[in-house]
Amino acid sequence: MVRRVGRGGNRSARRTVAGRGPSTPAAAQAELGAQLLDEAMKEASWLRHLGEAGKVSIWVIAKRIPVVIGQIARLGWRASPRALFTVVACTVLSAVLAGLALVESVHVLAVLFGPGASAARIRSALPSVLVLVALYSVRACSDTAINYGQAQLAPRIKRNAEIELYGLMAQVKADAFADADLADDLQRAADNGIGYLQQSVPGCIAVVSSILSMVSSAGVLAYLHPVLLPLLLLAVLPTGLASVRSARAEFRSRLRFSSISRRLWILAWILIDPEQAGELRACAAGPRLFGEHALLADAVRDERIRLGREQAATALAGRAVTGVGTGVVYGALAWMLTAGWLPLSRGLGAAMALRSVQSSLLALVLSVHGLFEQALWVQDLTDAITAARARLPRTTGVSCPEQFSVLELTGVEYTYPRARDDDENEAAPRPALTGVDLVIKAGEVTALVGSNGAGKSTLVKILAGLIEPDSGRVAWDGRETGEFDSESVIARVAMCPQDATLYPITALGNIAVSEPDPQHIDRVRARSAVTLAGATEMIEELPRGWETVLSGRFRGGVELSGGQRAKAAIARALYRTDVAMIILDEPTANLDPLAEAETYRTVMSLRDRGDVAIILVSHRLGAVVGADHIAVFDQGRIVEAGTHTELVAQGGLYQRMYEAQLAMYVNRQTLI
Ligand SMILES: Nc1ncnc2c1ncn2[C@@H]1O[C@H](COP(=O)(O)OP(=O)(O)OP(=O)(O)O)[C@@H](O)[C@H]1O
């Protein structure tokens with residue numbers, strides 16, 4: 001049993017850190033567990049809105065709710081005007097029918113409790129009973145229509161939001177994702193915003209429908225006797241307040257335990273993920289992770305039990321006060337009946353109306369709280385969409401030329417955007433590139449080499465049009481790329497990035513993934529790309545050959561090795577024949593020596609395409625010996641440039657790196 005968990009921290013754990021260590025191994029274990037829980041309960045960015053509904057005032061909620069309902073109504077109108085109309089019309093109709101049914105019940109009671117013989121009274125009440133049955137039947141149809149309309153609206157609204165959000169995600173500039181805050185915003189929008197948006201549709205309907213039911217029942221009370229209206233407050237207010245308190249306790253608990261729930265989810269995922277099963281056992285990590293899972297799961301169980309107790313106590317107090325209030329109301333009703341202010345039938349009708357208002361109020365409190373929380377997430381989603389819109393690629397209406405002879409970079413500078421959280425750091429972020437000048441020619445192989453973190457991959461992203469320099473110039477045959485639509489530049493570059501991703505589609509689909517329509521895949525071109533990448537044998541040996549899905553997560557699919565993945569990624573780049581530049585960023589890091597040598601021969605042979613510039617990033621300097629031009633990077637700058645022979649003769653960084661690698665093969669003594 002875990003005790004004393006909370007956002008404020010665990011006192012005993014703190015004491016141990018500050019003072020002497022725990023006395024026994026069991027105490028040490030318990031304190032370690034308490035620290036883990038403390039850590040797990042710190043608020044994370046994706047918890048941003050959870051629990052806010054538990055903190056704000058009722059007035060803030062009251063002002064916000066109509067805005068949300070308006071927003072969802074607008075989305076509903078865009079998604080399906082007919083479904084929205086059905087829902088609105090039937091919600092109003094249901095409330096009116098509920099009121100009419102109450103009034104009709106009073107008529108039935110008036111007849112049944114009126115003068116005359118029993119049989120005659122029952123006969124006289126029959127028409128009103130039939131009307132009552134008709135009213136309830138129509139209301140049942142109306143409620144069904146609301147459910148139907150809601151089932152039509154919610155998925156459409158969700159789908160529209162998905163189209164908008166994922167469409168934007170696929171379009172925003174690649175460097176937008178380097179902005180950790182935007183990436184976080186988009187992730188939250190996808191993980192939570194869309195789901196909450198869908199939930200907010202029934203949420204809005206529940207709120208409107210409970211308000212209308214309350215108004216309708218209150219209207220009936222006023223019709224029975226105006227004095228009953230103020231009495232109503234006595235009967236419903238305590239229930240309302242108890243419900244608000246209980247709902248807030250629930251939200252607060254969710255806030256404190258959401259971080260733990262997320263950890264639990266991640267731990268459970270690690271324990272059951274087939275891909276991680278081997279490593280988990282090899283590292284003997286299973287018992288430790290299982291122990292951590294058990295600790296957190298026990299804490300969640302204890303919290304649910306505690307919450308249940310708190311809510312039961314709140315409900316009991318609410319019920320007790322409501323009981324007193326209801327007693328006062330019924331006392332007043334009895335007095336009105338005996339004083340002749342109200343006939344018996346109306347008194348019974350008033351009791352029914354009171355019950356109806358109480359249950360509608362309960363539903364209203366719960367649905368308003370739920371909707372308020374959903375509204376915060378919906379707002380988050382809207383904000384993320386607006387932020388993503390501001391990061392769409394440049395459109396100028398001018399496409400870049402199909403080819404270039406010379407691509408020139410002059411004084412290129414680039415610094416990655418930093419996260420909002422980093423803004424407080426006083427040190428300015430270090431530029432990834434500074435004053436880069438480089439000339440790239442079609443029909444040549446240009447190699448980019450240098451130390452780790454020197455800026456090679458960043459330059460490659462600029463060449464591919466994925467990011468744009470903060471300053472400096474990138475020009476295709478003298479025309480600055482800023483003149484062109486960003487998309488048109490990206491479309492003219494084939495890229496094989498470091499650690500390329502294979503998608504869970506067929507091998508053929510992966511090689512020709514640049515073809516939007518699978519019907520238009522050129523199989524001959526795909527075969528020749530695979531041959532050039534040295535991957536023919538690998539693909540033909542797959543269980544279903546070209547049609548094998550390249551993911552072990554799917555039935556019949558396979559998981560490729562790192563080297564096999566690299567070959568497929570190279571083939572994917574070589575499939576593109578409509579490009580001005582082919583970029584290979586560390587293409588052979590995972591290849592065996594023979595495959596590596598073969599790949600470099602292929603890369604050099606790409607010069608034969610004539611009008612295509614080849615960019616090769618590599619740490620294997622033996623592989624760039626044959627390049628036409630080599631640029632050596634260090635700390636964001638090009639510090640040396642030339643051919644292999646020229647660079648070795650210079651005796652600088654390149655020569656030192658080359659000699660170091662050479663020594664590994666020819667003179668092991670140098671390394672020892
Ligand atoms: N997405 C990013 N966000 C922030 N900084 C980044 C990002 N990518 C790279 N950097 C930083 O930019 C600098 C240059 O990185 P880059 O990946 O271009 O180096 P590289 O020469 O390709 O390195 P390596 O040889 O290790 O692949 C590094 O300091 C790195 O930390």
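**Notebook: a predicted model, residue by residue**

I began at glutamate 586, which counts as partly exposed because it has 18 C-beta neighbours inside 10 Å; I call a residue buried if 20 or more other C-beta atoms lie within 10 Å of its own, exposed if 12 or fewer, and partly exposed in between, with C-beta atoms placed from the backbone. Its place is in the loop between β7 (581-585) and α18 (593-605), and its phi is near 50°, a positive value in a residue other than glycine. Helices (H or I, at least four residues) and strands (E, at least two) are taken as DSSP runs, numbered from the N terminus.

Before going on I noted that this is a predicted model, in which local features need pLDDT of at least 70 and side-chain atom pairs count only at pLDDT 80 or more, while totals for chains, interfaces and linings use all residues. Residues are numbered from 1 along each chain as its sequence is written.

**Hairpin and its neighbours**

I looked next at glutamine 635, which also has a positive phi of about 50° although it is not a glycine. Glutamine 635 lies in the turn of a hairpin that β9 and β10 form with 2 residues between them, and it is partly exposed, with 15 other C-beta atoms within 10 Å. Strands β9 and β10 (residues 637-642) pair in the antiparallel sense over 5 bridges, where two strands are said to pair if DSSP finds at least two bridges between them. Within this pairing, phenylalanine 633 stands opposite isoleucine 638 in β10. I then followed β9 (residues 629-634) to strand β3 (residues 445-450), to which it is joined by 5 bridges, the two running parallel, and there alanine 447 stands opposite isoleucine 630.

**Open sheet**

I traced an open sheet of 4 strands in the order β2-β1-β4-β5, with antiparallel pairing. Strands β2 (433-441) and β5 (479-480) stand at the edges with a single partner strand each, so one side of each has no neighbour in the sheet. Between β4 (residues 471-476) and β5 I found 2 bridges, and tryptophan 476 stands opposite arginine 479 in β5.

**Helices**

I checked the length of helix α7 (residues 180-224): its 45 residues should span 66 Å at 1.5 Å a residue, and the end C-alpha atoms are 62 Å apart, which agrees; the expected span is 1.5 Å times one less than the number of residues. Helix α7 bends by about 40° at alanine 189, the bend being the angle between axes fitted to the seven residues ending there and the seven starting there.

Alanine 334 sits in helix α10 (residues 286-338) and is exposed, with 12 other C-beta atoms within 10 Å. Its C-alpha atom is separated by 9.2 Å from that of leucine 344, 10 residues apart along the chain.

**Ligand shell**

I listed 12 residues around the ligand, the closest being Tyr416, Ala432, Asn452, Ser457 and Thr458; a residue is near a molecule if its C-beta atom, placed from the backbone, lies within 6 Å of it. Helix α12 (residues 456-463) gives the largest share of this shell, 3 residues.
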